[in-house]
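Please keep the sequence and the structure in view while reading.

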Amino acid sequence: MTDWTFTDFGPEFDEHAHAHLPEYERAHQTIAHAASFALRPGGTLADLGASTGYAVESINNTLLGRPFSAYLYDLDQSMLDQAEQRMAGSGIPLELRRMDLTADALEHEDADVTLLLWTLQFLPPESWQRVLRRARYASAEDGLLLIGAKTRLSDARWQEQADAATADWKTKHGVTPEEALVKARSLRGTMLMVSLDRLYREIEEAGWSSPVVLFRWYSWVVVGAWAAPLSER
């Protein structure tokens with residue numbers, strides 16, 4: 001057993017995500033719909049932890065030809081390579097950046113939409129505020145933040161149902177009990193699950209406002225928030 005890592009996982013990531021993340025496609029439909037209200041023609045999309053570019057492709061397909069530029073950040077080069085292949089011929093200008101979000105400065109500015117999809121939970125908790133604040137400073141004044149996360153439910157009875165539903169989902173999508181067990185063990189101490197209240201607090205303290213759940217499947221959520229005026233912070 002080793003700790004979970006995305007290193008060199010790009011070619012396998014999409015299949016893995018669809019099998020292990022319940023309603024992955026529906027979540028991205030919600031993300032694309034929300035982004036369509038905020039991403040202006042000629043605007044900027046920033047995906048922090050972009051993996052294979054699936055979200056950017058989904059948004060581009062939803063916008064039906066509306067031009068925009070995209071900055072894709074990821075620590076793993078194989079993910080960025082897959083994203084570049086996926087978006088080839090799309091006409092969307094891509095800026096691919098291999099970097100550690102906890103250490104390196106973001107290189108975009110005035111992002112209409114900022115994505116953090118299932119990214120924060122794999123970062124050290126002490127870095128969350130730093131990452132979210134940097135994202136706010138690189139956001140447009142009316143920019144949209146979209147966060148995907150697996151949350152911890154406050155009532156153990158709901159958490160029991162959520163865990164069972166997730167296990168059922170994985171089984172139906174071809175994940176064997178052995179594979180699920182290895183993955184669960186490898187995530188111990190590597191993936192941080194927090195309550196929705198804690199996630200809201202982290203978002204608001206970093207300079208974003210009005211967080212709301214846009215999509216939910218038991219523990220799995222997509223939360224949207226708007227850039228708060230920097231003068232109010």
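Which residues does V113 touch, not counting residues up to four places away in sequence? V113 touches A35, A38, L39, T44, L45, A46, L144 and L146, where contact means heavy atoms within 4.5 Å. The model is predicted: local features need pLDDT of at least 70, side-chain atom pairs count only at pLDDT 80 or more, and totals for chains, interfaces and linings use all residues. Residues are numbered from 1 along each chain as its sequence is written, and side-chain values use heavy atoms, with hydrogens and water left out.

V113 also belongs to the largest nonpolar core, which has 38 residues. A nonpolar core is a set of buried Ala, Val, Leu, Ile, Met, Phe, Trp, Tyr and Cys residues joined through side-chain atoms within 4.5 Å; buried means under 20% relative accessible area, exposed over 50%, and partly exposed in between, with a 1.4 Å probe and protein chains only. The members that touch the most others are I31, L45, I59, F68, V113, L115 and W118. Helix α2 (residues 24–38) gives the most to this core, with seven residues. A second, separate core of 29 residues includes A111, L120, A135 and L199. In soluble globular proteins, nonpolar side chains tend to be buried together.

The protein as a whole has eight helices and seven strands; these are DSSP runs numbered from the N terminus, helices being H or I of at least four residues and strands E of at least two. Its radius of gyration is 17 Å, close to the 17 Å that the globule rule gives for 233 residues, so the protein is as compact as a globular protein of that length. This radius is taken over C-alpha atoms, and the rule is 2.2 Å times the number of residues to the power 0.38. Of the 233 residues, 52% count as buried. Among contacts between residues at least 6 apart in sequence, 77% join residues at least 24 apart.

Two residues stand out by their backbone. Most residues other than glycine have a negative phi. W118, however, has a positive phi of about 55° and is found in the loop between β4 and α5 (128–137). W118 is buried, because its relative accessible area is 12%. D110 has a phi near 55° and lies in the loop between β3 (94–98) and β4 (111–117). At 49% relative accessibility, D110 counts as partly exposed.

A cavity is a set of points, on a 1 Å grid over the protein atoms alone, where a 1.4 Å probe fits but cannot get out, and lining residues have an atom within 4 Å of a point. The volume of the largest cavity is about 50 Å³, counted as the space filled by probe spheres set on the points, which are joined across faces, edges and corners. Its lining consists of L120, Q121, W128, A149, K150, T151, L192, V194 and L199.

One of these lining residues is L192, which is found in the loop between α7 (177–187) and α8 (196–205). L192 is partly exposed, with a relative accessible area of 25%. Leaving aside neighbours within four places in sequence, L192 is in contact with Q121, P125, W128 and R198.

Notes. On a 1 Å grid over the protein atoms alone, a cavity is a set of points where a 1.4 Å probe fits but cannot get out, and a pocket is an open set with protein on both sides within 12 Å along at least five of seven lines; lining residues have an atom within 4 Å of a point.
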